[in-house]
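Here is a short report on one protein model. Look over the sequence and the structure, then read on.

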Amino acid sequence: MSNWLKTILFLVGSALLTHWIPSSFFRNLDTMVHEFGHAVVTLALSGKVMYIELYADHSGVTYSSISKSWALIPVSLAGYMTASIFAWFLFSAYAKGKQRLGLQVMIALSGLSLALFVRNGFGIMFLIGFMALTIIVLALTPKWLRDFYYLLMAFLCLEESVFGPLSLVLYAWQNSRAAGDATNLANHTGIPAIAWALFFTLFALWCAKRAVQAFLGRSRGVRASNRQTPASAYRD
């Protein structure tokens, strides 16, 4: 089976499984990372971030100002691409057995967002609640529960990072002026919004492919280790 087919089946399975679990609250993690990406690139290009708002419907917006018109291009690119890279990072960390690091990064990004950017009521409450729960899971829960929590976050981020751009393709097809970041890019480059939406989708799928390869590689490694354990014990 090809890696691309595995990725598509993996994404469909993830979507089905995560929708069976009460996960609406946690889906805002992907939104937070998306908006954080916009904010960081804005600051890197000497812009000013006024504030970020996160909403209960998993949408968000970053209010910022930039003096250089060309800088709007990398800022608009940053949101979806940061979310895709973050999902890949979570699975890469899992493949290396560094779930604690992944949870620590989630807490750090949430803390920075809360301290520096997010100012609306729901966004503040989400970040406080998510940080508190993640710290408890990291510090007080057994490994099996910590790993379950980590994988839930990773799968949700992976799913959202891919299906978000896919939804953007539909928005751009129906109304090119209502496609968010793709519309901003179209206005400043002359390239149609649907082309940018397709670019985000392809990039998300590429990151998802790498994430799935990391996850399946870790799973095969664990199975191989389990098969070798009796022989190792015998040799000793």
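## Basis of the model

This is a predicted model: local features need pLDDT of at least 70, side-chain atom pairs count only at pLDDT 80 or more, and totals for chains, interfaces and linings use all residues. Residues are numbered from 1 along each chain as its sequence is written, and side-chain values use heavy atoms, with hydrogens and water left out.

## Overall layout

The protein has 8 helices and 2 strands. Both kinds of element are DSSP runs, numbered from the N terminus: helices are H or I with at least four residues, strands are E with at least two. From the N terminus on, the order is α-α-β-β-α-α-α-α-α-α.

The protein has 236 residues, and 45% of them count as buried. Buried means under 20% relative accessible area, exposed means over 50%, and partly exposed lies in between, with a 1.4 Å probe and protein chains only. A contact means heavy atoms within 4.5 Å. Among contacts with a separation of 6 or more, 70% join residues 24 or more positions apart.

## The largest pocket

Rolling a probe the size of a water molecule over the atoms shows where empty space is left. Here the search runs on a 1 Å grid over the protein atoms alone; a pocket is an open set of points where a 1.4 Å probe fits, with protein on both sides within 12 Å along at least five of seven lines. Lining residues have an atom within 4 Å of a point.

The largest pocket has a volume of about 860 Å³. That volume is the space filled by probe spheres set on the points, with grid points joined across faces, edges and corners. The lining holds 34 residues. Nearest the centre lie His34, Glu35, Gly60, Tyr80 and Asp181. Five elements each supply at least two lining residues: helix H2 (28-44), strand S2 (60-65), helix H3 (72-95), helix H6 (143-174) and helix H7 (181-189). H6 gives the largest share, 8 residues. By class, the lining has 12 nonpolar, 17 polar and 5 charged residues. Ala, Val, Leu, Ile, Met, Phe, Trp, Tyr, Cys and Pro count as nonpolar, Asp, Glu, Lys and Arg as charged, and the others, Gly among them, as polar.

In soluble globular proteins, nonpolar side chains tend to be buried together. A nonpolar core is a set of buried Ala, Val, Leu, Ile, Met, Phe, Trp, Tyr and Cys residues joined through side-chain atoms within 4.5 Å. The largest such core has 43 residues; Leu29, Phe86, Met106, Phe130 and Met153 have the most contacts inside it. H2, strand S1 (48-54), H3, helix H4 (99-116), helix H5 (121-140), H6 and helix H8 (193-235) each supply at least two of its residues. H6 again gives the largest share, with 11 residues in this core.

Phe130 touches Phe25, Phe26, Leu29, Met106, Ser110, Tyr149 and Met153, not counting residues up to four places away in sequence. A second, separate core has 13 residues, including Tyr80, Val169, Ala193 and Phe200.

## Buried residues in detail

Ala204 sits in helix H8. Ala204 counts as buried, at 0% relative accessibility. Beyond its neighbours within four places in sequence, Ala204 contacts Ser84, Ser161, Val162 and Pro165. Its C-alpha atom is 8.0 Å from that of Ile85, 119 residues apart along the chain. In H7, the buried residues include Asp181, Ala182 and Thr183.

Asn120 lies in the loop between H4 and H5, yet Asn120 is buried, with a relative accessible area of 12%. Leaving aside neighbours within four places in sequence, Asn120 meets Ile52, Glu53, Leu54 and Tyr55.

## Positive phi angles

Most residues other than glycine have a negative phi. Ser46 is exposed, at 59% relative accessibility. His58, with phi near 75°, is in the loop between S1 and S2. His58 is partly exposed, at 24%.
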